[in-house]
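Try each task before reading its solution.

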Amino acid sequence: MLENLGIALRKQKKLVLIFFLTIFLPALTLSVFGVRAIRNERFRLAKQEENEGRRAARFIRADVQSKIEAVTSALKGIARDPAFIGKDHAAIHDLAEKRLAADPLIGQAVLLYRNEEALFPLLLVPLERKPADSSKAGDAALAARIRRAEALEFVDRNFRAAAALYLELTTLASGRNLQAEMLTGQARCLQKSADYKEAVNVYARIASGYPDSLTPSGLPLGLLARLQAVECLERAGNSQGAAKTALDAYRELLKKPSALSEDQFKTYISLVGEAIDAVLAGEEGAQVSDEFRAEYAGLKKLQSDRMEERAAAGLLRKEVIPELERRLSQSGAYISNPYRLSRNVGGRDLLLLAAWIPDRTGEGTAGIVGVQINNDHLLADVLSEALGNVQLNDGVEVVLADLAGRPLSEKISTSKALPLVTEYFEDNFPPWKIELFQTPAKGLEILDLRRNFYFWTILTLIVVLAFGAFLIARTIGHEMEILKIKSDFVSSVSHEFKTPLTSIKALMERLVDGKVRDPGKMDQYFSIIAQDTDRLTRLVNNLLDFSKIEEGKKEYIFADTDVARIAAEQVEAFKKDQVQAGPEIRFEIIGDIPAVRADAEALSRALANLIGNAVKFTPPGKAIRVGLSSDGKNVVLDVKDEGIGIHPDEVGKVFEKFFQGKNALDQTVKGTGLGLTLVKHIVEAHGGRIFVESRLGLGSKFSMVFPIKA
Amino acid sequence: MPKKILIVEDEPGIRLSISDELESVGFRVLTAENGEKGLAAAGREKPDLIILDLMLPVLDGTEVCKKLRMRGDRTP
């Protein structure tokens, strides 16, 4: 029996294994492969997007670099221009204006000759300087007359005479500078003599005739003349004229290139500005034409541009020039290749392209000409143009960042994700990187969704399958158990039938053959036959009752029944049947037992079953006690034995049909497994209850409690 | 001296009929109603033959046989 149980268990295990192999494993494998396939697909897509992104980034880089390259080659071209070699500043300015200033990518240009001050050909160039003593060195007689005029002006303070002499000297002076100087002297003396009108005229002549001339201290004469004219006009009360002249001076001041130093520029700017503002604020301001105001506003804007340019030049002077000077001092033979230089100043990158200027022999290096890249233009226009040329996938964002990762473009990436692609510029010039962000990656997102969907679907499926399989396995296990119980039942029932039949047959044969002659022996034979017949009858009755119960056809005939009499009868019947030594059966009645409405036959059958069980499981020499008592409400009939007992785990199951306790099975005492089921049914049909108490090895007690019907 | 036969059988009817039958043909028959008693009787009486039922209370036939053989008893 135990082995059978083991086989049943193993069979279930096999079932579980089969399920595992046929359903669970393939499902798991399938899901793993599915998820992996999607992951591969995702990886492939990501790779593809990365490749596309990289191509785009490289395209952008190439676009930007080609622009820078164009500037570089232009620079390389002009560095060898004779104007640069010959230090012809006017020509240099023209050249720079034409070749460099036209390119919006170029911010400021810087020019540096060996052992000379740095110049900014687009903004600041030195005008031709007059030798300090040119007037004196030229003609001694002329010089004497100049001194005479100066004496008249400064010592005698005879301004009119001095003015006349200056005018005369103007016609005699040879150089343009000297002429301008003489004219200035005349105008100055006229101004001092309060002849403002004439002074203004002379100043105008200077301004228009000698725009490029400088004072001995290097100041532009034209500009100074205009400023003086403004003062004269103011003195003369001609505010309109003063404003107009001031505007001319303003225009002159903002012209490029300028020779004015930073301080001079600022001083003059404020002088001119004050003069114009004074007019505009004064009584006559209302009469000022709209054109005037418009031009003034335009010039003011130009002024701020100039200021910026000067600031940029100042920055270059401070940050880059020392480096250029160092390079220049170290340079030997002429190198035609330009070089690149970048400096980070206050978070802003200063990008400079520089080309060497050959000396007159063409073998050495005379200087450097450099251009600063206009970062704003590079970032805004060039980059957006490059972006326009590139086809980007949806959700791809291009961010240009410096090497530290700070974004340079205004569009600041909100995503903290790693860039899809990062590309650096060649030679780190500009020292930036192009980063492509994929926010959010649409294709990947869909793929992720799909993967998650697959994953959860498969997982759910597996869980459902596992649960279903578990249920099926359990049901099959249960079925198998029932089948086994049924076959056990059939074999035990047939054994139960066969044993008394064999016994009866053997005894009867001997009796019939006349082999038994001794009357005592014959009695013994008949007694055993009777006993076996009783057993068979009980068995058949049990089976019949059971099948009736199963079919729901069992009927009870209730009548007032004397339980004590029935119990006594049953005990006696068992005692009588006991041929040889068996357990002792005692019957005890405690108190008066009222009549119970019961089916007498069923009641005695139930009791017979209990006593039969007790006898079966109680060894000889031990006792069985059948007790009957009443508490006024119920009649309690109990059968207590000192047999093998019931295992605690099985106590609850003893009333189940076909159930036979393990302990009972070990005894090789066979039964149908129906007895207690029948007893329970009978008791419950009487409205009673049945209880069992048992201790393994010590015995069991079954109590039937019947209510006393009023 | 008649041969001694031990019958170990729990069913009284079968036990009785076999023992009577064998006695009537001249054997000395001993009986035991369970395996334990059968084992004890086999040791005590040294029967010439043991007729052993397999399904017995307390000790079943197979067990009895095993124990007998383990004791070195070669009784058929």
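**Exercise 1.** With which residue does R343(A) form a salt bridge, and how far apart are the closest N and O atoms?

*Solution.* Some ground rules before we start. This is a predicted model, where local features need pLDDT of at least 70, side-chain atom pairs count only at pLDDT 80 or more, and totals for chains, interfaces and linings use all residues. Residues are numbered from 1 along each chain as its sequence is written, chains are lettered from A and ligands numbered from 1 in the order in which they are written, and side-chain values use heavy atoms, with hydrogens and water left out.

Step 1: look for a salt bridge, meaning a side-chain nitrogen of Lys or Arg within 4 Å of a carboxyl oxygen of Asp or Glu. R343(A) has E323(A) as its partner, and the closest N and O atoms are 3.2 Å apart.

Step 2: Helices (H or I, at least four residues) and strands (E, at least two) are DSSP runs, numbered from the N terminus.

Step 3: check the cover. Buried means under 20% relative accessible area, exposed over 50%, and partly exposed in between (1.4 Å probe, protein chains only). R343(A) is partly exposed because its relative accessible area is 27%, whereas E323(A), at 14%, counts as buried.

**Exercise 2.** Which strand does β2(A) join, and which way do the two run?

*Solution.* Step 1: two strands pair if DSSP finds at least two bridges between them. Here 7 bridges join β2 (residues 339-345) to β3 (residues 348-358) of chain A, and the strands run antiparallel.

Step 1: pick out one bridge. N344(A) has D349(A) in β3(A) as its bridge partner.

Step 2: look at the turn. The hairpin leaves 2 residues between the strands, and G346(A) in the turn has a positive phi of about 55°.

**Exercise 3.** Which part of the chain does R58(A) sit in, and where is E423(A)?

*Solution.* Step 1: find the contact. The side chains of E423(A) and R58(A) meet in a salt bridge at 3.2 Å, N to O.

Step 1: locate the ends. E423(A) is in strand β6 (residues 421-424) and R58(A) is in helix α1, 365 residues apart.

Step 2: E423(A) is buried because its relative accessible area is 6%; R58(A), at 42%, counts as partly exposed.

Step 3: The structure holds 36 salt bridges over all chains.

**Exercise 4.** What span should helix α16 of chain A have, and how far apart are its end C-alpha atoms?

*Solution.* Step 1: the expected span is 1.5 Å times one less than the number of residues. The 33 residues of α16(A) (residues 519-551) should therefore span 48 Å.

Step 1: compare with the model. The end C-alpha atoms are 47 Å apart, which agrees.

Step 2: look at the ends and the sides. Just after α16(A), G552(A) takes a positive phi of about 75°. Buried residues of the helix include Y525(A), L539(A) and N542(A).

Step 3: follow N542(A) to a neighbour. N609(A), in helix α18 (residues 600-617), touches N542(A), G675(A), L678(A) and V679(A), not counting residues up to four places away in sequence; contact means heavy atoms within 4.5 Å. N609(A) is buried, with a relative accessible area of 9%.
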